[in-house]
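Please read this briefing alongside the sequence and the 3D structure. The points are grouped by topic.

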Amino acid sequence: MSTTIEGAATVAGEEKVQSRRFFAWAVFRAVLLRDLTVLDHDLKEFLPNTIMQPVMLVFVFTYVFPKIGQGIGGSSNVGRFSTLLLGGIVAQSVIFVGLFRVALPMAREFDITSELEDRVLAPTTVTILALERIVAGSLQALFAGLIVFPVAAFLPSTPIYLEAHWPILLTVTPLACFASSALGLTIGTRLEPRLVPLLASFIALPLGFFGAIFYTWNSLAPIPWLKVVVLINPLVYMSEGFRAGLSIGVVHMPLAAIYGALVGFSIVFTWLGVTGFKKRVIS
C-alpha cells in the first residue's frame with residue numbers, strides 16, 4: 001500500500017514539474033511575441049537605423065572609390081574588395097543590431113522605466129526572462145542581416161563573386177545572431193544610463209575597426225601581434241564565417257576556429273548576461 005502511495009506521489013510530482021515547465025515556456029513565447037509585435041510597430045525607426053550605415057559603407061567603398069579610380073576596389077583589384085566586404089558588412093549589421101537592440105533597452109529599463117518590473121511579475125523564472133531577451137535580440141539581428149544583404153550584394157559597381165554555401169551559412173548565422181544578442185545582454189546588465197554614450201565610442205568602434213570587416217583575418221599576417229589581439233573580438237569570427245558561407249575565392253579562417261569561437265562566445269556571454277540580469281533584478 002505504501003509503495004502504491006509513493007508511486008502515485010512520484011507521478012504527481014513529475015506531472016507538476018512538467019506543468020511548471022510548460023507554463024514557463026508558454027510565458028516565454030508570450031513575452032517574445034510581445035517584443036516582436038513592438039518591433040513591428042517600430043519598423044519605421046528600425047529599418048533606417050539598420051540600413052543607413054551599411055549603405056554608406058558599401059556605397060563609398062565599392063561604388064564611389066572604383067568610379068573615381070581609388071585603389072580600394074579599383075581596376076587593379078576588381079571584385080576582390082567588394083567580395084570580401086560582403087561578409088563583413090552582414091556580420092557588422094548582425095552584431096550591432098544584436099548589441100544595441102538589447103543593451104540600450106536593458107540599461108533604460110533597469111534605471112529609468114518600470115517595464116522591467118512588469119516583466120519580472122510574469123509567472124516564470126528570471127532565467128527564462130533573460131533568455132527571452134537574448135532570443136528576441138537574435139531574431140532582430142537575423143532580420144537586420146537579411147535586409148542588409150541585398151544592399152551589400154547588389155549596390156557595388158564592381159562584380160561580387162558570390163556563392164551560398166548553405167550548410168555553413170545556415171549554421172553560422174544563428175550562432176552569430178545569438179552571440180551578438182547575448183553580448184548585448186551582458187553589456188546591458190552592467191551599463192548605467194549615464195554611460196550609454198560610451199557604448200558607441202569605446203565598444204562599437206573597436207569592434208568595427210578590428211572586426212575584419214574591411215580585410216580578412218589572414219591579411220593581418222604582416223602585423224603578427226595584431227593578428228593575435230583581434231582574436232578576442234567576436235566580430236572577427238562572424239565576418240570570417242559569413243565570408244566562408246557567401247564568397248568565392250576569399251581566404252578565410254578555418255571553420256573549426258569559427259564555430260568553436262562562436263559557440264564559446266555564445267556560452268560565455270549567455271552565462272554573463274543571465275547572471276548579470278539576475279543580480280540587477282534581485283538588487
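**Overall make-up**

From the N terminus on, the elements of the protein run α-α-α-α-α-α-α-α-α-α. That gives 10 helices and 0 strands, where helices (H or I, at least four residues) and strands (E, at least two) are DSSP runs numbered from the N terminus. The model is predicted: local features need pLDDT of at least 70, side-chain atom pairs count only at pLDDT 80 or more, and totals for chains, interfaces and linings use all residues. Residues are numbered from 1 along each chain as its sequence is written, and side-chain values use heavy atoms, with hydrogens and water left out.

**Burial, contacts and surface**

- Of the 283 residues in the protein, 46% are buried; buried means under 20% relative accessible area, exposed over 50%, and partly exposed in between, with a 1.4 Å probe and protein chains only.
- Among contacts with a separation of 6 or more, 84% join residues 24 or more positions apart; a contact means heavy atoms within 4.5 Å.
- The accessible surface of the protein is about 14,300 Å², and carbon and sulfur atoms hold 70% of that area. Areas come from the Shrake-Rupley method with a 1.4 Å probe, and for residues only the protein chains shown count as cover.

**The largest pocket**

- The volume of the largest pocket is about 900 Å³. A pocket is an open set of points, on a 1 Å grid over the protein atoms alone, where a 1.4 Å probe fits, with protein on both sides within 12 Å along at least five of seven lines; lining residues have an atom within 4 Å of a point. Grid points are joined across faces, edges and corners, and a volume is the space filled by probe spheres set on the points.
- The lining of the largest pocket has 36 residues, and Val-97, Phe-100, Arg-101, Leu-104 and Pro-105 lie nearest the centre.
- Two or more lining residues come from each of α1 (2-41), α2 (43-68), α3 (80-111), α4 (115-120), α5 (126-154) and α7 (196-209).
- Helix α3 gives the most to this lining, with 11 residues.
- By type, the lining of the largest pocket has 17 nonpolar, 9 polar and 10 charged residues. Ala, Val, Leu, Ile, Met, Phe, Trp, Tyr, Cys and Pro count as nonpolar, Asp, Glu, Lys and Arg as charged, and the others, Gly among them, as polar.

**The second largest pocket**

- The second largest pocket holds about 260 Å³ of space.
- It is lined by 15 residues, of which Leu-146, Phe-149, Leu-169, Thr-173 and Phe-242 are the closest to its centre.
- The elements giving two or more residues to this lining are α3, α5, α6 (166-188) and α9 (234-246), and α6 gives the most, with 5 residues.
- This lining divides into 13 nonpolar residues, 2 polar and no charged.

**Aromatic pairs**

- The whole structure contains 5 aromatic pairs. Rings of Phe, Tyr and Trp (its six-membered ring) pair if their centres lie within 6.5 Å; planes under 30 degrees apart count as stacked, over 60 as edge-to-face and the rest as tilted.
- Phe-96 and Phe-100 have ring centres 6.1 Å apart and planes at 85°, so this pair is edge-to-face. Both lie in helix α3, 4 residues apart, about one turn of the helix.
- Phe-96 is buried at 11% relative accessible area, whereas Phe-100 is partly exposed at 24%.
- Phe-265 and Phe-269 are stacked, 5.5 Å centre to centre with 20° between the planes. Both lie in helix α10 (residues 255-282), 4 residues apart.
- Phe-265 is buried, with a relative accessible area of 17%, and Phe-269 is buried at 12%.
- Tyr-237, Phe-265 and Phe-269 are linked by ring pairs into a cluster.
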